Amino acid sequence: MSQRLAGKTALITAAGQGIGRACALAFAAEGASVIATDINLQTLETLNAETHITTRQLDVTDREAIHALAAELGALDILANIAGYVHLGSILACSEDDWDFSFTLNVRSMFRTIQAFLPAMLAAGGGSIINMASVASSLSGLPDRFIYGTTKAAIIGLTKSVARDFIAQGVRCNAICPGTVQTPSLDDRINAFDDPVEARKQFIARQPMGRLGTTAEIAAAAVYLASDDAAYTTGTAMVLDGGITL
Ligand code: NAD
């Protein structure tokens with residue numbers, strides 16, 4: 001590895017599994033000091049043995065816990081907001097509670113972490129914020145992702161707003177928009193179908209490349225956006241989707 005993140009401190013949410021975990025490992029491999037957080041202590045603890053990674057339990061829906069951690073940690077160079085939940089269904093299959101749950105976990109969490117960690121980042125002269133969005137419905141019209149796509153579109157708007165407001169103070173803020181990525185929660189969604197084998201074929205068929213993305217591929221984009229290689233890049237919604245949006 002080229003140590004592109006040497007000397008930088010990074011906090012990652014939802015780092016226990018999937019894309020967040022891959023980001024934690026990739027950031028650490030590039031020399032960052034990583035604070036890997038997740039609500040799930042069991043998966044998080046599997047990162048404890050990794051060099052350059054410390055773990056902390058954090059529920060991104062808990063405003064007080066977020067602000068307490070920000071006060072304790074001080075300035076970060078990199079904040080990676082990865083936590084998100086996929087609600088399945090159209091607008092007709094969506095309750096007020098479903099809406100509130102997804103917006104709290106997917107979007108309000110980012111409002112809270114950025115609001116908590118940004119002041120110290122600004123005081124230290126800048127940093128990189130990375131928000132995990134999705135191509136689902138925010139950039140392409142995938143079926144039955146009404147709430148999910150709406151939250152992910154909101155994340156792109158949030159990202160651009162933060163990017164614009166703090167561009168002169170050294171803070172960059174970018175979103176990543178993956179297509180379908182092989183993760184534990186994708187397996188759960190596939191296994192919930194009556195015919196999981198057919199369901200997996202359908203998930204794969206969404207990508208003209210004919211395959212799912214890997215967590216390492218998404219983490220590589222996060223490393224780039226976190227690093228000084230992306231010093232001229234802010235407010236983007238970087239698409240890694242196997243061609244879904246072509
Ligand atoms: P995943 O669903 O496999 O894992 C989610 C992680 O979030 C788990 O470790 C879980 O413990 C944690 N989590 C859940 N609630 C939490 C909370 N309240 N506070 C803190 N952590 C919490 O993850 P994934 O599939 O890698 O998805 C990660 C992100 O990438 C999400 O925002 C998702 O929307 C986005 N994304 C995923 C895909 C995909 O195909 N997997 C595609 C596009 C975007």
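**Aromatic pairs and pockets**

Analyst: Trp-99, Phe-103 and Phe-146 are linked into a cluster by ring pairs. Please keep in mind that this is a predicted model.

User: How many aromatic pairs are there by this rule?
Analyst: The count comes to four aromatic pairs. In one of them, the ring centres of Tyr-85 and Phe-101 are 5.2 Å apart and the planes stand at 90°, so this pair is edge-to-face; the cut-off for that label is over 60 degrees.

User: Where do Tyr-85 and Phe-101 sit in the chain?
Analyst: Tyr-85 is in the loop between strand E4 (78–81) and helix H4 (96–123), while Phe-101 is in helix H4. The two residues are 16 residues apart, and the pair links distant parts of the chain.

User: And is Tyr-85 buried, exposed or partly exposed?
Analyst: Tyr-85 has 37% relative accessibility and therefore counts as partly exposed. Phe-101, with 45%, also counts as partly exposed.

User: What about Phe-193 and Phe-203, what kind of pair do they form?
Analyst: Phe-193 and Phe-203 form an edge-to-face pair, with 6.1 Å from centre to centre and 80° between the planes. Phe-193 lies in the loop between helix H6 (184–191) and helix H7 (196–205), and Phe-203 lies in helix H7, so the pair ties together parts that are 10 residues apart in sequence.

User: Why does Phe-203 count as buried?
Analyst: Phe-203 counts as buried because its relative accessibility is 6%, and the cut-off is under 20%. Phe-193, at 41%, counts as partly exposed.

User: Changing topic: how much space lies in the largest pocket?
Analyst: The largest pocket holds about 990 Å³ of space. Its lining has 41 residues, and those nearest the centre are Ile-82, Gly-84, Tyr-85, Val-86 and Ser-185.

User: Which elements give two or more residues to that lining?
Analyst: They are helix H1 (18–29), H4, helix H5 (146–165) and H6. The largest share, four residues, comes from H6.

User: How do the lining residues of the largest pocket divide into nonpolar, polar and charged?
Analyst: There are 23 nonpolar, 12 polar and six charged residues in that lining.

User: And the second largest pocket, which residues line it?
Analyst: Its lining consists of Leu-88, Leu-142, Pro-143, Asp-144, Arg-145, Phe-193, Ala-199, Gln-202, Phe-203 and Arg-206. These residues divide into six nonpolar, one polar and three charged. The space in the second largest pocket is about 190 Å³.

Methods: Residues numbered from 1 in each chain as written. Predicted model: local features only at pLDDT ≥ 70, side-chain atom pairs only at ≥ 80, totals over all residues. Heavy atoms only, no water. Phe/Tyr/Trp six-rings, centres within 6.5 Å; stacked < 30°, edge-to-face > 60°. Buried < 20%, exposed > 50% of the residue type's maximum accessible area, 1.4 Å probe, protein only. 1 Å grid on protein atoms, 1.4 Å probe; cavity = no way out; pocket = protein on both sides within 12 Å on 5 of 7 lines; lining within 4 Å. Points joined across faces, edges and corners; volume = space filled by probe spheres on them. Nonpolar A, V, L, I, M, F, W, Y, C, P; charged D, E, K, R; others polar.
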